[in-house]
Amino acid sequence: MSSKETLPGDKIAIIEEFETGQNTFDDGQSIRSLVVGLSEFDKTNRIANIKEIKRPSVPKTGNSVIGIVSALMNNMFAISVLYIDGKPTHSGLEVICQARGAKKRILVRVGDVVAAKVINLLNGVIHAIISEPELGVLFTKCNKCAGKVISMGSSVKCADCGYIEERKISSKFGNSDFIKLGSN
Ligand SMILES: [Zn+2]
């Protein structure tokens with residue numbers, strides 16, 4: 001049986017043929033969907049079901065996002081989003097941050113946990129910034145030895161090997177809540 005996408009209220013069967021199952025209701029004549037989903041017909045038991053499709057949540061302008069830097073390019077980088085305004089998301093969504101200003105430095109590395117703010121959504125691309133004080137790197141490791149690093153304001157220093165590297169560090173760097181968020 002092929003299943004087709006349904007919207008709430010869509011008629012998926014008539015009551016003479018099927019009974020209501022998951023995520024459906026009967027309006028006296030038809031079986032209709034309660035949710036966005038895919039229709040599934042249990043022909044043996046004559047039950048119509050809708051398998052709900054969870055829509056990925058998309059951040060809006062002004063939302064804060066937390067994620068892991070997934071790619072680094074010349075003057076931009078991508079963040080694979082884990083949290084939108086503190087709520088976990090599993091949609092595999094990415095936002096793009098662009099380096100601005102004369103120096104166009106990018107002060108993150110792939111694998112860093114960063115906080116960013118969404119500034120606009122253009123042509124299907126979600127643009128974010130890390131320039132505000134609370135935005136930027138929340139958690140990172142030493143690039144040389146993967147050791148624990150400490151914040152030095154505009155750089156991080158490895159507690160093990162002493163290697164120092166620049167970062168755009170969030171004012172919330174090292175906050176244990178964010179470390180917990182990042183590993184959940
Ligand atoms: Zn190190």
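**Entry 1: overall dimensions**

I began with the radius of gyration, taken over C-alpha atoms: the protein has 23 Å, whereas a compact globule of 184 residues would have a value near 16 Å. The globule rule I used is 2.2 Å times the number of residues to the power 0.38. The model is a predicted one, in which local features need pLDDT of at least 70 and side-chain atom pairs count only at pLDDT 80 or more, while totals for chains, interfaces and linings use all residues. I number residues from 1 along each chain as its sequence is written. Along its principal axes the C-alpha trace spans about 75 × 35 × 25 Å.

**Entry 2: domains**

I looked up the division of the protein and found domain 1 (5-52) and domain 2 (64-173), with bounds from an automatic or database domain assignment. Their centres, taken over C-alpha atoms, are 45 Å apart.

**Entry 3: secondary structure and contacts**

I listed one helix and 17 strands. These are DSSP runs, H or I of at least four residues for helices and E of at least two for strands, numbered from the N terminus. For contacts I required C-beta atoms, placed from the backbone, within 7 Å. Of the contacts between residues at least 6 apart in sequence, 45% join residues at least 24 apart.

**Entry 4: burial and cores**

I called a residue buried if 20 or more other C-beta atoms lie within 10 Å of its own, exposed if 12 or fewer, and partly exposed in between, with C-beta atoms placed from the backbone. Buried residues account for 27% of the 184.

I took a nonpolar core as a set of buried Ala, Val, Leu, Ile, Met, Phe, Trp, Tyr and Cys residues joined through C-beta atoms within 7 Å. The largest one has 27 residues, and Val 65, Ile 79, Val 95, Val 114, Ala 116, Ala 128 and Leu 138 touch the most other members. At least two residues of this core come from each of β8 (64-72), β9 (76-84), β11 (94-98), β12 (113-122), β13 (125-129) and β14 (136-139).

I then checked Val 95. Leaving out residues up to four places away in sequence, Val 95 touches Val 65, Ile 79, Val 81, Ala 116, Val 118, Ile 126, His 127 and Ala 128. A second, separate core has five residues, including Ala 13, Phe 18, Ile 31 and Ala 48.

**Entry 5: the four-stranded sheet**

I count two strands as paired if DSSP finds at least two bridges between them. Four strands form an open sheet with mixed pairing, in the order β1-β6-β7-β3. Its edge strands, β1 (5-6) and β3 (19-20), each pair on one side only. β3 runs parallel to β7 (residues 47-52) over two bridges, and Glu 19 has Ile 47 as its bridge partner in β7. β6 (residues 37-42) is antiparallel to β7 over six bridges, with Phe 41 opposite Ala 48. Their hairpin has four residues between the strands, and Arg 46 takes a positive phi near 55° there.

**Entry 6: pairing around β5**

Which residue stands opposite Ala 13 in β5? I found Ile 31. β2 (residues 11-14) and β5 (residues 30-33) are antiparallel over three bridges. β4 (residues 24-26) is also antiparallel to β5 over three bridges, and Asp 26 has Ile 31 as its bridge partner. In the hairpin of β4 and β5, with three residues between the strands, Gly 28 takes a positive phi near 100°.

How values were computed:
Two residues are in contact if their C-beta atoms, placed from the backbone, lie within 7 Å.
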